[in-house]
Amino acid sequence: MATVKKSKTKKIVSAVIAVILVVAIAVTGIVIGSRGKRTDVTLYTISTDNIVQTVSSTGKVSSGVKKEYKPGSVATVKKVYVEVGDEVKKGDLLASFDTSALDQQVASLNAAYTSSNASYQEAVQHQAEAAKQLKSINSSIAKAEKTLKKIEKEEKKKASTTKTTKKQTTTAPTTTSTTSNSGGIFTTTTTTTTVTEKCNHVPGGPYSQSGISYHYATCQKCGAMVQESHLYENPKKLDNSVHTYKCSKCHYVLKEVHNFESSALNTPCTVCGAKREAGFNESEAKLEVALEQLQPVFDSLKDLGEASKQIVVLLTGLANDLSQIAKDVDSLTNTITIVANVIMYEISVGNLSADKIAEAVGKAVTEAFKQGMIEFIDSGAAVQMIEAAVKSVDWKKVGKGIAESDGFIKAFAQIQLAALYAQREVYTVTASASTVNAQRQATNAAKNAYETVRDARDELADGWKAEFNGVITTCDITSGAQTTALQTGITLENMNTRVVTISLGEYDVHKVKEGMTATVKTAYGTYDGLVASIAPTATGGSETSMLDSVGSMAGISGLSSLTNSGAGVECKIIVDHPDENIIVGFDADVEIVTGTFNNVPAVPIESIVLEKQGTFVYVYDPEEETVTKTQIQTGATSDTSYEIVSGLTVGQQIVATPQTDYEEETFKVRVVTNKIK
């Protein structure tokens, strides 16, 4: 038996050894095979280089050069030093100007731009905050709607005298209410304990017309209120004061005040296109629409008995007074809703002092100004007007009447819900990207206006100087006169020179400046040149061509001008010392030196991969023997190199000439050789 066991053990050990050998051989084969599949690469070591950045293009040779000096703004001409026919040399003063009036305009435009930019930065900052606030407001609205439904449900039960034929056990409902104030919005929490059947709401009809944001129906089964949004039809029905929408379900009519950009007759509304007619009164139109939108608030006060009349009179009078200074209908309705909300809260906590109620209302309205819920021409005057109106009411008498009313809790809940709806609208607008985009556009417009007037002021302050030798061919300004933006001013021409006109693409126009040196090459020689002028606008197309982007990367300008799709900016180069070999009508190659960068980290052009997402290289890892596709940022460019701004450092190694068909972003390589610059 012992002998048999020993024999079996030897066989098992031999089998295990055989399996291990097979696995080892297989693994070795895989490793050898994988090494055999490595990609051969040549490496380049990153070093520093001197980059001479140029913009190149081809243009037509023409005779003569012309420069028109235009004021571009209003200023006083100090003195004109030339007249038609005068020969001048480069640098001669042609005219001088008094720009003191422009200084004030520039300062005003700069202040407007600074303010607009601050508003834009604030809008960006508040966008995320508003999104968070919107979530909280929506939660509060849901709770307030639920509370109001419970109150109305309980109200229906108390008023019902219908006898039920089904046996049903119901405990007497117990209702408790607590009121709290948070940030100017007041919340009432009502807890009702009752036992009843679970109800799937069956809306009854018709819909009531008691609200602007929603229409309401009463459940046929349990009496609960069911809320749905209005559905407004197009086109809009127009009249003299407002444009209107009619709900397709309940036929409720929503009115909005026309928005006119000027006070002139026949000016079209920017919203609906209706024209302003004689007799239109904007404040009356705002009041008409606001009172209609406030009807739900007034309706909620009806159950308060005689006390409600004084509150309605107060709110209506305030709406009438504030319509004169409110910037829009929303500001007017939101303000009246806030005032009603605060008054109801102060009464609910037993505060019947006119001074204290007025103070609380003033604080709430001021906070609404800060949140952007309301806007008035004069916010200080609006607050004073509101506080004075609130102080004029005998709140002790009003409070006594309300205390004897059974509808206080419901009225309070309805007004609070209206206030929450208004606040939600504000946060919805603030949180939207369209608000930030609109502010950014306004900021850009303010910046452009400021820079345009500033540059015009600076040019006039320095005086007009001849940019080249020539003859004055027109002079439309005189000493002591006022300039206008449409005047020609002074025209300087030189017909003895040669000019090459080229087209600069979008990616090159900002690199080239007037006064830069250039090299002009023709079939018969090479000439020095100078950038004389750059057009202020692009011509030749409506869309930017991809050729401009690619051409800029390769150091070639104006490729879009070769197609019908790309626009170009006209640039004129004066040729120094032209001779008979530079012929008018022929083409000439132009190279403009736009910058020299010495001893900067650089990467060869052939080592980079240009993609829509950016510029990439393949960086070598000597320890892993792999290369990884890595994005870099480049700066100045020459015919052979790119300046490295970020993503690579001196001493790193990259693939010298990467292929375009690499399937992986990181893979094993075999280094064939190292390229030396």
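**View 1. Thr 443 in helix H11 of the predicted model.** Thr 443 is buried, at a relative accessible area of 5%, where buried stands for under 20% relative accessible area with a 1.4 Å probe and protein chains only. The residue belongs to helix H11, which covers residues 433-462; helices here are DSSP runs of H or I with at least four residues, and strands are runs of E with at least two, numbered from the N terminus. Apart from neighbours within four places in sequence, Thr 443 is in contact with Tyr 113, Ser 116, Asn 117 and Tyr 120, contact being heavy atoms within 4.5 Å. This is a predicted model, in which local features need pLDDT of at least 70 and side-chain atom pairs count only at pLDDT 80 or more, while totals for chains, interfaces and linings use all residues. Residues are numbered from 1 along each chain as its sequence is written, and side-chain values use heavy atoms, with hydrogens and water left out.

**View 2. Packing of helices H6 and H7.** Helix H6 (residues 329-348) packs against helix H7 (residues 354-371) at an angle of about 140°, and their axes are 9 Å apart; the axes are lines fitted to C-alpha atoms over the stretch in contact, with angles running from 0 to 180 degrees between N-to-C directions. The two helices are therefore oblique to each other, a word for angles that are not under 35 degrees (roughly parallel), over 145 (roughly antiparallel) or 65 to 115 (roughly perpendicular).

**View 3. Residues between H6 and H7.** From H6, Ile 338, Val 339, Val 342, Ile 343 and Glu 346 meet Ile 357, Ala 360, Val 361, Ala 364, Val 365 and Ala 368 of H7.

Conventions. Buried means under 20% relative accessible area, exposed over 50%, partly exposed in between (1.4 Å probe, protein chains only).
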